[in-house]
Amino acid sequence: MKTKKHNSWYFYVLLCSDNSYYAGITTDLERRLYEHNSNSKGAKYTKTRRPVELVCHLELPNRSIASKVECKFKKLNRKMKIEIINENSKLKKFLLSILN
């Protein structure tokens, strides 16, 4: 059996049908978005809030950093989340604040 080597991890943010946000990490954005929208492997939170739309993502070098970004993002208030999603410069500053 071939195993697929994943060099990158992704932090991603979904906009749910109720206008709430869901953040997560994955090695395959396309597969994960499909799972959130169509089958039982999607998160419990998104199952009742379909369809979901990918609104933001960052490619990161490893799972550790992706998890740190996810954790910090989830602690932000809604206003800050929206600003980070909508402004690329704020997204970069947010990432740098975690890495430093």
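Me: If helices (H or I, at least four residues) and strands (E, at least two) are DSSP runs numbered from the N terminus, where does S17 lie?

Reply: S17 belongs to the loop that runs between β1 (9-15) and β2 (21-26). This is a predicted model, in which local features need pLDDT of at least 70 and side-chain atom pairs count only at pLDDT 80 or more, whereas totals for chains, interfaces and linings use all residues. Residues are numbered from 1 along each chain as its sequence is written, and side-chain values use heavy atoms, with hydrogens and water left out.

Me: Which residues does S17 touch, leaving aside those up to four places away in sequence?

Reply: Contact means heavy atoms within 4.5 Å, and on that basis S17 touches R49, R50 and P51, residues up to four places away in sequence not being counted. S17 and R50 are 33 residues apart in sequence, yet their C-alpha atoms are 5.6 Å apart in space. The side chain of S17 also reaches the backbone oxygen of R50 at 3.2 Å, which can be read against the definition of a polar contact (a pair of N or O atoms within 3.5 Å; within protein, one must be able to donate a hydrogen and the other to accept it, and residues adjacent in sequence count only if both atoms are side-chain atoms).

Me: What is there to notice in the backbone at N19 and between R50 and P51?

Reply: Most residues other than glycine have a negative phi, and most peptide bonds are trans. Here N19, although it is not a glycine, has a positive phi of about 70°, and this residue sits in the loop between β1 and β2. The bond joining R50 and P51 is a cis peptide bond, with omega about 0°, and P51 is placed in the loop between α2 and β3.

Me: Which residues of α1 are buried, and how are they placed around the axis?

Reply: An α-helix has 3.6 residues a turn, so residues three or four places apart point the same way. Buried means under 20% relative accessible area, exposed over 50%, and partly exposed in between (1.4 Å probe, protein chains only). In α1 the buried residues are L29, R32, E35 and H36. Because they cover an arc of only 125° around the axis, they lie on the same side of α1, the arc being that of the directions from the helix axis to the C-beta atoms. The face turned away from this buried side carries the exposed residues E30 and Y34, while the cover over the buried residues includes β1, β2, α2 (44-47) and β3 (53-60).

Me: What surrounds H36?

Reply: H36, found in helix α1 (residues 29-38), has a relative accessible area of 0% and is therefore buried. Not counting residues up to four places away in sequence, H36 touches Y12, L14, Y22, G42, A43, T46, R50 and V52. With T46 there is also a side-chain to side-chain polar contact of 2.9 Å. E35, at 7% relative accessibility, counts as buried too, and with the same exclusion of residues up to four places away, E35 touches K41, G42 and R50.

Me: At what angle do the axes of α4 and α5 cross?

Reply: Two packed helices are described by the angle between their axes and the distance between the axes. For α4 (residues 78-86) and α5 (residues 88-99), the axes come within 5 Å and cross at roughly 110°. The contact is made by E83, I84 and N86 of α4 with N88, K90, L91 and F94 of α5.

Definitions and conventions: Axes are lines fitted to C-alpha atoms, for helices over the stretch in contact, and angles run from 0 to 180 degrees between N-to-C directions.
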